Amino acid sequence: MRSHAFHPTVTSPIKIDIWSDIACPWCYIGKRHLEAGIDALGADAPDVEIEYHSFELSPDTPLDFEGSTVEYLADRKGMPVERVEQMLQHVTGVAANAGLDYHFEKVAHTKTLKAHELLHFAKANGKQLELKERLLKAYFVEGGRVNRIDELVGYAAEVGLDADEARAALESGSFASEVQADIAQAGAYGINGVPFFVIDGKYGISGAQPAEVFSQAISQVAGERAA
Amino acid sequence: MTGQRADAAAPTPTDAAASPFTMVTGDPSAMVCEGDVCFVPAAE
């Protein structure tokens, strides 16, 4: 939960709902851009409340693909290896501009449903934003296996969640229905790609937009509330 | 996972007809991920 100085004309935080997947390079970049957009509003920024929602980009991803990102994309999409490498270099460069140190050579492709379950567990315990950041870093920077319960429990503990409770939630699948509800909601909203941001339940923003786009949208909502 | 999609029949990141939101245009070159690939919606 990100909070800024109270604005006298805004009585409740501006809600920012974000549909996102762990295995989404532009979701992490978009997260940084949103944060920069909020920071750019300075001391007069309205309070915002951020909530992440589950989105599974590629449900047919194997649980433990052992090859590299280049092999994964070349094999699955039939793209030339040179082209894949160029694209990864481009994304890595954009990520670096956003302050992110991507290492696609480490990325362990996997299904992300268990990670999403853990994010819902974290939300129920007030640590969703911290865990979202930790999981994205694990996936794109460290090459973490975000489908494995033991590793997920470790990430949960790192952000201050109870390890035993996190393990129990993952092993029981007690948050699986919340994950599917988020995915279904995205479908109902016509969201096919991520990241997708909804500002105050009113304005939709698709993609890793520049920071100023988020600043402007938040300012507009704050202005409308004050009018 | 990443890159600019080239197939002309590719879906758009948001079905405008289904969306209850007022879409902020922003930067048309902002990247979106869908399935295994990421692309520029404006290039579709």
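Predicted model: local features only at pLDDT ≥ 70, side-chain atom pairs only at ≥ 80, totals over all residues.
Visitor: How do helix α4 and helix α7 of chain A pack, at what angle and how far apart?
Guide: Helix α4, residues 113–124 of chain A, packs against helix α7, residues 163–172 of chain A, at an angle of about 130 degrees. Their axes are 10 Å apart.

Visitor: What does that make α4(A) and α7(A) to each other?
Guide: Oblique. An angle over 145 degrees would count as roughly antiparallel, and 65 to 115 as roughly perpendicular; at about 130 degrees, α4(A) and α7(A) are therefore oblique.

Visitor: Is the crossing of α4(A) and α7(A) left-handed or right-handed?
Guide: The crossing is right-handed.

Visitor: Which residues meet there?
Guide: From α4(A), K114(A), E117(A), L118(A) and F121(A) take part. They meet A166(A), A169(A) and L170(A) in α7(A).

Visitor: How many of the contact residues are nonpolar, polar or charged?
Guide: Five are nonpolar and two are charged, with no polar ones.

Visitor: New topic. Is the peptide bond from V194(A) to P195(A) cis or trans?
Guide: That bond is cis, and its omega is near 5 degrees.

Visitor: Where is P195(A) found?
Guide: P195(A) lies in the loop between α8 (176–189) and β3 (196–199) of chain A.

Visitor: And D200(A), what is its phi?
Guide: Phi of D200(A) is near 60 degrees, which is a positive value in a residue other than glycine. D200(A) sits in the loop between β3 and β4 (203–206) of chain A.

Visitor: Does D200(A) count as buried or exposed?
Guide: D200(A) counts as buried, because it has 22 C-beta neighbours inside 10 Å, and the cut-off for buried is 20 or more.

Methods: Residues numbered from 1 in each chain as written. Chains lettered and ligands numbered in written order. Axes fitted to C-alpha atoms, helices over the stretch in contact; angles between N-to-C directions. Helix = DSSP H or I, 4+ residues; strand = E, 2+ residues; numbered from the N terminus. Parallel < 35°, antiparallel > 145°, perpendicular 65-115°, else oblique. Left-handed = near helix turned anticlockwise from the far one by under 90°. Contact = placed C-beta atoms within 7 Å. Nonpolar A, V, L, I, M, F, W, Y, C, P; charged D, E, K, R; others polar. Buried ≥ 20, exposed ≤ 12 C-beta atoms within 10 Å, placed from the backbone.
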